[in-house]
Amino acid sequence: MPETLSRPTADTTNKVRVLSVVVEDGPNTLTKIAGAIRRRGFHVRGISIGPTGEAGRSRITLEVDHGHAEADQVRKQLDRVVEVLEVEDLTDDDVHSRELVVAKVPSSALARLIQQGAKVISTAADGTTVELSGSRIEVCDFIEELHRHGAVDIARSGPVVIRRDT
């Protein structure tokens, strides 16, 4: 089950850095970001991209599987990309962090999954599509439950992270 490999443990939590990158939208921006990360051999555990409140800009959230020194190298590499406007390390900040999982499951599993917080998106003859959003641990636990109940298909987002109000 490859999905469970990204479940945080005491050994891996300290190595994962969360970076928030604000970029100018463009046809090659993501390619340039990926190239900057790839050149240094950094492992990206999670990624999500979405618009900011400002037109023409997007926020990329990266979970990089390395320690603090390596995260600084990632920041330096990203700062060299022209389209990058801002890079912040949110690892030690007080943040809201959510992931989303959407899965098609047999109808027989529905009651147990709803007890775990799943919401029904749609129902069809071949199964029910459910969603759950939560912390990485909650999503990992839910995916394990989905496997136990014979999920037909599973899709999972990367992290979406924003600072809490202080």
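Predicted model: local features only at pLDDT ≥ 70, side-chain atom pairs only at ≥ 80, totals over all residues.
Residues are numbered from 1 along each chain as its sequence is written, and side-chain values use heavy atoms, with hydrogens and water left out.

Let me begin with the chain as a whole. It contains 5 helices and 9 strands, where helices (H or I, at least four residues) and strands (E, at least two) are DSSP runs numbered from the N terminus. Read from the N terminus on, the elements run α-β-α-β-β-α-β-β-α-β-β-α-β-β. Of the 166 residues, 36% count as buried, and here buried means under 20% relative accessible area, exposed means over 50%, and partly exposed is what lies in between, with a 1.4 Å probe and protein chains only. If we take contacts (heavy atoms within 4.5 Å) between residues at least 6 apart in sequence, 72% of them join residues at least 24 apart.

Now to the strands. As a reminder, strands of a sheet pair through backbone hydrogen bonds, either parallel or antiparallel. In what follows, two strands pair if DSSP finds at least two bridges between them. An open sheet is formed by 4 strands in the order E2-E3-E1-E4, with antiparallel pairing. Its edge strands are E2 and strand E4 (84-89), each of which pairs on one side only. From one strand to the next the twist averages 15 degrees, the axes being lines fitted to C-alpha atoms, for helices over the stretch in contact, and the angles running from 0 to 180 degrees between N-to-C directions.

Within this sheet, strand E1 (residues 16-24) pairs with E4 in the antiparallel sense over 5 bridges, and E1 is joined to E3 by 9 bridges, again antiparallel. To place these pairings on the model, you can look for Val-16 opposite Asp-65 in E3, for Ser-20 opposite Glu-88 in E4, and for Val-21, whose bridge partner in E4 is Val-87. E1 is mostly covered, with 8 of its 9 residues buried.

Strand E5 (residues 95-105) has several pairings to show. E5 pairs with E9 in the antiparallel sense over 4 bridges, and there His-96 stands opposite Ile-162. With strand E7 (residues 127-134), E5 pairs antiparallel over 7 bridges, and Glu-99 has Gly-134 of E7 as its bridge partner. A further 4 bridges join E5 to strand E8 (residues 153-156), also running antiparallel, with Asp-153 in E8 as the bridge partner of Lys-104.

Next, helix H2 and some single residues. The buried residues of helix H2 (residues 29-39) are Thr-29, Ile-33, Gly-35, Ala-36 and Ile-37. Ala-34 also has its place in helix H2, but Ala-34 counts as partly exposed because its relative accessibility is 40%. After H2 comes Gly-41, whose phi is positive, near 75 degrees.

Is Glu-83 buried or exposed? Glu-83 lies in the loop between helix H3 (68-79) and E4, and it counts as buried because its relative accessibility is 14%. Leaving aside neighbours within four places in sequence, Glu-83 is in contact with Val-22, Val-23, Glu-24, Thr-29 and Lys-32.

Ile-49, in strand E2, counts as partly exposed, since its relative accessibility is 46%. Ile-49 and Leu-30 are 19 residues apart along the chain, and their C-alpha atoms are separated by 9.4 Å.

I will finish with the second largest pocket, which holds about 230 Å³ of space. A pocket here is an open set of points on a 1 Å grid over the protein atoms alone, where a 1.4 Å probe fits, with protein on both sides within 12 Å along at least five of seven lines, and lining residues have an atom within 4 Å of a point. Grid points are joined across faces, edges and corners, and the volume is the space filled by probe spheres set on the points. Of the 13 lining residues, Arg-59, Thr-61, Val-160, Val-161 and Ile-162 lie nearest the centre. Strands E2 (44-51), E3 (57-65) and E9 (160-163) each supply at least two residues of this lining.
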